[in-house]
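The sequence and the structure are shown first.

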Amino acid sequence: MPEILNTIRSSLVLWKTTDSTIKTKTNILKAFALSKLTYYSYVENFKEEELNQINKLVEWFLSAPNNKNASGFQVINLMRTKRARYPLKVGGWNIWNIELRQLAQKLWIINQFILALETKQTNSSHHKSWEYQIQKNKFTSRYLKENLDEWNKIRIKKAIFNNNLTSIKNENGQPLSLAEWYTTIQDQNPTIPKTEFQSSLNLRGYSYNQLFNNILKIKDPKTRDTMFRFHARCLPINYLHNKQCPLCKEDMSKDPYGHLFFSCKKTKQFIKINKLKNFIYITTGKGKNWHHTRIRQNNNFINRITPKLSPTAKKDQEVNADYANHRFHKEYFEWNYKAIDYDLTRSFAYRNLMALILHNIWIWICNQIYSEDPLTNESLSYSSLLKKWHKLATLEYIKKAKDLKNLSAKDHNNFKDPKILLTSTIKLRKTTANYYCIPESSLPNIISFDQFI
C-alpha cells in the first residue's frame, strides 16, 4: 500500500502545478490518482491510517495553493468533506468516498457471484468453493462471510425477502452496476447540506433549486469555475470570516464574499458601478433564451431560431429585470447577490456576462490581497470584457449554426438547397447580433454551414 500512495503523490505533484478549475481537478484526481486504488480495493480493505493519508492528499490537491508541498503543510479545507462528496450540479465537488467505494466494489463482486449461481455458471474454482460454503453454511473465507453479510443488509433494505438467493437488480432487471452499488450505499440526502450563510440567504429568498445546474451551462471554463466557487462558498477567502476587510479595513459582517465582491469601497471604485450598469445594458438589454421554431413557406420548412423565455421559470420579483418588455433596468439595478441569482429567470447572455464580470473582479481581488506588489489606480477594463464577450457570442452563433444544419439535414432533405440555407443563415446572424446587442459584422461571414462541421 505505501508504494501505491507514493505513486499517487508523485502523480498529483505533477498535476498540481497546472492552474485548473475544480471540475478539471476532480477529473484528474479520479483518472490519474484514485483510479490506482481500484484493483487493490476489490480484494483488500484500507486501514484507517491509510484512508486518512488518502483523504489528506485529496484535500491538499483540491484546496492547497500550487506552491505548497504535499507533506508538511497544514491545509485549510475550502469545502467540508461531507459537502464535497455531493455532485457538482448541487454544489459539491463530486469527490469519491474511498471507504464506501471499496465496499461497493466488494458488494458488486458478491452480487456477480450470486448471478453466476442463478445462471449456473460457477465454473471457476473460487466460485465452486464459495458455493459449497454457502450450501453448508460453514464459512472458511472471511472475505465471503463479511461481504455476504453486508450484501444481505442491502437486500433487507431493498425489501427483498424471498428465500431463494437471487442477485439484486435495478429497475431494468439488470444486476446493479458498480456505480449503482456506490449510489445505493451512499444514501445521501437529495439536498446538499448548506453553509451557515447559504442557509441565511435561503431564508431571505435566495434559491438553490437550479442554481448550480445553470452555472454549469456557462460557456467559459474559468468564469464558470469562479461563479461556481463563489456560490459554493469555496474561494480561498473563508479564513477572512470575522476579520477586517484587507482592502478597506471595514468590518465584513461574517460575509467576506458579499463584502469583497459587492460592498467594499475599493471594489466599487474598481468596477465603477455606473459603467457596470451601462455595460450590462448594452450587452444583455435585449438578451433572451434561444428557441427553435419552424415555419412553412412555399411548400418548404424554414427553421428560425428566436428568443423565448420559459413561462414556468421563476420570475425576478425585484427590479433587476423587467419582464413586461424583457429589458434591463439601468435605473434600479443593484450590484448584489440578487444580480447573480441564476435560479431566477435569466437569459443565456446575462448569465455568461455576470460570470465574466465576477471572474475579473476576483482576479483583481487576488492581486490586491495576495500579490507582493498589488496594482494601484486600476479599474475594470470594459473594452477587454467586450472583446471576450464578442468571442463568446461568436462561439454561440457557430454552435447554433451547427444545430440548425444538423436539424435541417436530418428532418428535411430540401434544407440542403443552398438558397434556403443562406436565408436561414441570414436570419440566424440577425437574431444572434440582436441577441447579444453587438454589430452583425462581429459574427463570422458565413456563406454555408459546412466550414464549421
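## Fold and packing

In this predicted model, 65% of the contacts in the chain between residues at least 6 apart in sequence join residues at least 24 apart, where contact means heavy atoms within 4.5 Å. The chain holds 18 helices and 4 strands; helices (H or I, at least four residues) and strands (E, at least two) are DSSP runs, numbered from the N terminus. Of the 453 residues in the chain, 45% are buried. Buried means under 20% relative accessible area, exposed over 50%, and partly exposed in between, with a 1.4 Å probe and protein chains only.

Residues are numbered from 1 along each chain as its sequence is written, and side-chain values use heavy atoms, with hydrogens and water left out. Because the model is predicted, local features need pLDDT of at least 70 and side-chain atom pairs count only at pLDDT 80 or more, while totals for chains, interfaces and linings use all residues.

## The nonpolar core

A nonpolar core is a set of buried Ala, Val, Leu, Ile, Met, Phe, Trp, Tyr and Cys residues joined through side-chain atoms within 4.5 Å. The largest one has 97 residues, and W93, L260, F261, W335 and I357 have the most contacts inside it. Helix α16 (residues 348-370) provides the largest share of this core, 13 residues. Apart from neighbours within four places in sequence, L260 is in contact with residues including I237, L240, C245, I365 and I369.

I22 is found in helix α2 (residues 22-33). I22 counts as buried because its relative accessibility is 1%. Not counting residues up to four places away in sequence, I22 touches L62, L88, W93, D225 and R229. I22 and F228 are 206 residues apart in sequence, yet 8.9 Å apart in space, C-alpha to C-alpha.

In helix α9 (residues 178-186), the residues W181, Y182, T184, I185 and Q186 are buried. Their cover includes α6 (98-118) and α8 (142-157). Just after α9, D187 takes a positive phi of about 55°.

## Pocket and cavity

The spaces were found on a 1 Å grid over the protein atoms alone: a cavity is a set of points where a 1.4 Å probe fits but cannot get out, and a pocket is an open set with protein on both sides within 12 Å along at least five of seven lines; lining residues have an atom within 4 Å of a point. Grid points are joined across faces, edges and corners, and a volume is the space filled by probe spheres set on the points. By this rule there are 5 cavities of 30 Å³ or more.

| Space | Volume | Lining by class |
|---|---|---|
| Second largest pocket | about 550 Å³ | 4 nonpolar, 6 polar and 7 charged residues |
| Second largest cavity | about 150 Å³ | 8 nonpolar, 4 polar and 3 charged residues |

In these classes, Ala, Val, Leu, Ile, Met, Phe, Trp, Tyr, Cys and Pro count as nonpolar, Asp, Glu, Lys and Arg as charged, and the others, Gly among them, as polar.

The second largest pocket has a volume of about 550 Å³. Among its 17 lining residues, R80, T195, E196, F197 and H241 are the closest to its centre. Helix α10 (196-203) gives the most to this lining, with 3 residues. Domain 1 (1-96) and domain 3 (197-291 + 323-380) each supply at least three residues of the lining, the domain bounds coming from an automatic or database domain assignment.

The second largest cavity is lined by 15 residues, with V58, E59, T81, A84 and I95 nearest its centre. Two or more residues of this lining come from each of α4 (48-63) and α5. The largest share, 5 residues, is that of α4.
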